[in-house]
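Here is a short briefing to read alongside your structure.

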Amino acid sequence: MKFHVLTLFPEMICQGLGTGVIGRALNKNLIALHAVNIRDYTLEKHGKVDDYPYGGGAGMLIQAQPVYDAHRAVCGGRPVRTVYVTPQGRPFDQRLARELAREEELVLLCGHYEGIDERVLEEVVTDRVSIGDYILTGGELAAMVIIDAVARLVPGVLGNETSAQEESFDNDLLEYPQYTRPEVWRDKAVPQVLLSGDHNRIAGWRLEQSLQRTRSVRPQLYERYRQRQSLAKRLSREKRSNIHMMESLARGLGEILYENGDTAAVYLPESRICMACAADGAGGRAILDRMPREAELVVVHQEGLKQLLEETGFQALFSCRQFLYTQRKTLPVRHKDIRLLGMESFAYLCARYEMDGPEYVRERLTSGAVYGAFVEGELAGFIGTHREGSMGMLYVDEAYRRQGLAASLEAYLVNRTLERGFTPYVQVKPDNLPSLQLQEKLGFYQAGPLYWWMERHS
Ligand code: SAM
């Protein structure tokens with residue numbers, strides 16, 4: 001991923017990001033940083049870039065021309081997502097960090113003085129982002145905050161691929177307290193439970209600590225967590241049918257759109273997918289009333305709701321069956337060489353996984369969601385987690401079939417999913433016999449009904 005920063009102080013950006021984890025990632029070329037001095041593009045012969053604001057008022061403004069020319073020099077006409085850091089922008093959070101981490105290139109524009117002439121912002125900026133409700137003297141620190149949070153999500157930057165996956169905010173909860181050696185320091189002992197070796201007890205203690213912390217420090221975040229949990233509990237009465245909705249809530253991907261008795265809808269803003277179940281027609285209409293206009297896909301498993309959607313501009317894309325793995329024990333993985341794939345496997349995947357198109361493949365690869373099986377160093381097949389949480393994309397090259405590679409890939413992903421505390425589930429088209437047999441072989445349970453993926457047409 002490449003970051004371009006348009007700034008009056010490029011040396012501040014390079015110094016600020018040149019050390020530690022981000023510095024190492026830069027040295028390894030996992031990310032690239034390009035700090036551009038806006039002043040280099042001014043046409044004013046003394047290098048001036050600012051002027052007085054029309055209508056009066058304190059301070060100076062950066063003029064439109066040097067910003068526009070610097071941006072053109074960097075992007076060369078390509079449509080690159082361009083973030084203006086400003087206290088007037090969308091609040092920066094972990095969700096936005098994840099969204100930005102999927103870009104291949106990002107421009108960050110730093111203001112100074114009183115800001116930048118609005119006309120150039122209208123021309124080049126795609127997003128306005130604030131790092132908090134306070135005023136900084138310039139945008140450089142804000143740009144560095146964003147780059148740090150985004151870069152650490154780029155696969156490989158943290159080294160340990162799981163360490164970015166269980167942190168504060170991932171599930172609307174703040175992280176639990178952590179301790180390292182010595183066991184006793186200034187008469188303070190590490191909590192006994194952490195020395196017990198009992199993983200279940202440790203996980204329970206950590207969850208309790210997270211809950212306490214979030215409740216006292218961030219009551220609104222805690223309330224959101226509580227609402228999700230209560231809906232997840234309600235949905236768990238029909239766990240097999242509702243696992244897709246429960247998992248989107250548990251993984252922090254979905255927000256509650258509507259809930260009332262047996263009617264519920266969850267919306268996944270990053271993927272524009274809505275998952276819904278309705279007790280009756282009134283419930284279905286209540287969901288439709290609340291569905292955001294941007295929602296592109298809806299997943300349902302009730303005929304009535306499917307029909308209602310068809311009457312309101314949706315069409316069935318395909319149907320599938322849903323299987324879930326309800327055990328906590330991990331599965332044996334026979335094939336040993338399975339690894340996380342990155343963009344180097346893009347062409348290989350695109351040639352073999354056509355269903356959702358190259359943009360989707362790129363997004364999944366850069367999100368660290370795809371694993372490959374290697375035979376004598378050659379990539380022989382892959383599997384991935386879809387953006388809404390189900391496992392899929394399974395493919396094994398013809399030459400390597402009937403050797404148990406598909407089973408190994410799926411067992412491997414089941415284990416990774418369990419490690420993260422989630423329930424593995426898959427959706428399989430009813431005519432895909434090899435996959436249906438594989439789910440049975442691995443001990444998955446089938447949920448009763450058919451599921452329809454509905455696409456918005458009008
Ligand atoms: N007059 C501007 C206003 O009231 O919105 C504030 C200008 S500020 C002194 C100068 C620059 O610092 C801004 O153009 C912006 O790039 C950056 N900046 C200041 N506070 C920020 C924040 N909380 N988040 C992101 N950028 C910020």
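**Cysteines**

There are zero disulfides in this structure, which is a predicted model. The notes below begin with the cysteines and then turn to domains, a strand and its partners, the nonpolar cores and one threonine.

- Cys274 takes part in no disulfide, and the nearest cysteine sulfur, which belongs to Cys277, lies 10 Å away.
- Because its relative accessibility is 0%, and buried means under 20%, Cys274 counts as buried.
- Cys350 has a relative accessible area of 22%, so this cysteine is partly exposed.

**Domains**

- The chain is divided into domain 1, covering 2-151, and domain 2, covering 220-324.
- Taken over C-alpha atoms, the centres of domain 1 and domain 2 are 38 Å apart.

**Strand S1 and its partners**

- Strand S1 spans 2-7, and five of its six residues are buried, leaving the strand mostly covered.
- On one pairing, S1 runs parallel to S6, and five bridges join them. Here Leu6 stands opposite Leu109 in S6.
- On another pairing, S1 runs parallel to strand S2 (residues 32-37), with six bridges between them. In this case Lys2 stands opposite Ala32 in S2.

**Nonpolar cores**

- In soluble globular proteins, nonpolar side chains tend to be buried together.
- The largest nonpolar core in this model has 31 residues, and those with the most contacts inside it are Phe3, Ile31, Phe92, Leu100, Leu108, Ile146 and Val150.
- At least two residues of this core come from each of these elements: strands S1 (2-7), S5 (82-91) and S6 (105-110), and helices H1 (10-17), H2 (20-27), H4 (94-100) and H6 (140-151).
- H6 gives the most to this core, supplying eight residues.
- Leu100 is in contact with Met1, Arg81, Val83, Phe92, Leu106, Ile146 and Val150, leaving aside its neighbours within four places in sequence.
- A second, separate core holds 26 residues, among them Tyr371, Ala380, Leu409 and Leu438.

**Thr86 in strand S5**

- Thr86 is found in strand S5.
- Is Thr86 buried or exposed? Thr86 is buried, because its relative accessible area is 7% and the cut-off for buried is under 20%.
- Setting aside neighbours within four places in sequence, Thr86 is in contact with Arg128, Val129 and Ser130.

Terms used. Residues are numbered from 1 along each chain as its sequence is written. This is a predicted model: local features need pLDDT of at least 70, side-chain atom pairs count only at pLDDT 80 or more; totals for chains, interfaces and linings use all residues. Side-chain values use heavy atoms; hydrogens and water are left out. A nonpolar core is a set of buried Ala, Val, Leu, Ile, Met, Phe, Trp, Tyr and Cys residues joined through side-chain atoms within 4.5 Å. Buried means under 20% relative accessible area, exposed over 50%, partly exposed in between (1.4 Å probe, protein chains only). Helices (H or I, at least four residues) and strands (E, at least two) are DSSP runs, numbered from the N terminus. Contact means heavy atoms within 4.5 Å. A disulfide is a pair of cysteine sulfur atoms within 2.5 Å. Domain bounds come from an automatic or database domain assignment. Two strands pair if DSSP finds at least two bridges between them.
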